[in-house]
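Look at the fold below before reading on.

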Amino acid sequence: MTAVLPDVDELVRAALTAGLPSGTNVFTLWPDDWPQRLPLVVARRVAGAAPDPRGLDAAVVDVQCAAAERRIAHRLARQVRAVLFDACAAQFAHPEAEGYLSRFAAEPSGPTEIRDTFPTPGADLFRFQATYRITARPLLPT
């Protein structure tokens, strides 16, 4: 049986949920009620390639961290980077995503503050964004 590549969005979401402080909300898309969910992390695949569609997926993952205070949003963004690095080093596995993380690489910039676009920033919303290359592999079929 040929292995199927994992769901990178679900795998990253599970790793962040497991590694971030309790009370941090982690989503793949911005929830409609995002103001009630701060602090929150929105992480999703935005690009990438599967050099080997049977066993290797190199995803580019966009991560945005939001909080009501700038200091908290920036710290959360730095925590996300560390959690993803550690999860890849430990080969974090998640059966529901059908895979595990295997390599982490930070893109040249980030996390950087976003002060435009949706949701509109203001005195009660601060966002930081970074992009990471995450390599994932499928779990071996049983």
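The sections below describe parts of this model.

## Basis of the model

This is a predicted model: local features need pLDDT of at least 70, side-chain atom pairs count only at pLDDT 80 or more, and totals for chains, interfaces and linings use all residues. Residues are numbered from 1 along each chain as its sequence is written, and side-chain values use heavy atoms, with hydrogens and water left out.

## Helix H2

Helices (H or I, at least four residues) and strands (E, at least two) are DSSP runs, numbered from the N terminus. Helix H2 spans residues 70-89, 20 residues in total. From first C-alpha to last, H2 reaches 29 Å, close to the 28 Å expected at 1.5 Å a residue. That expected span is 1.5 Å times one less than the number of residues.

Buried means under 20% relative accessible area, exposed over 50%, and partly exposed in between (1.4 Å probe, protein chains only). In H2, Ala73, Leu76, Ala77, Val80, Val83, Leu84, Ala87 and Cys88 are buried. They cover an arc of only 125 degrees around the axis, so they sit on the same side of H2. The arc is that of the directions from the helix axis to the C-beta atoms. The face turned away from this buried side carries exposed Arg71 and Ala89.

The buried residues of H2 pack against several elements, including helix H1 (8-19) and strand S5 (99-106). After H2 comes Gln91, with a positive phi near 55 degrees.

## Strand pairing

Two strands pair if DSSP finds at least two bridges between them. S3 and S7 run antiparallel, joined by 11 bridges. Here Ala67 has Phe126 in S7 as its bridge partner. S5 and S7 are also antiparallel, over seven bridges. Gly99 stands opposite Pro138 in S7.

## Aromatic cluster

Rings of Phe, Tyr and Trp (its six-membered ring) pair if their centres lie within 6.5 Å; planes under 30 degrees apart count as stacked, over 60 as edge-to-face and the rest as tilted. The count comes to three aromatic pairs. Phe85 and Phe104 have ring centres 5.7 Å apart and planes at 80 degrees, so this pair is edge-to-face. Phe85 lies in H2 and Phe104 in S5, 19 residues apart.

Which residue forms a tilted pair with Phe104? Tyr132 does, at 5.2 Å centre to centre and 35 degrees between the planes. Tyr132 is in S7, so the pair ties together parts 28 residues apart in sequence. Phe85, Phe104 and Tyr132 form one aromatic cluster. Phe85 is partly exposed, at 46% relative accessible area. Phe104 is buried at 16%, and Tyr132 is buried at 2%.

Conventions
Contact means heavy atoms within 4.5 Å.
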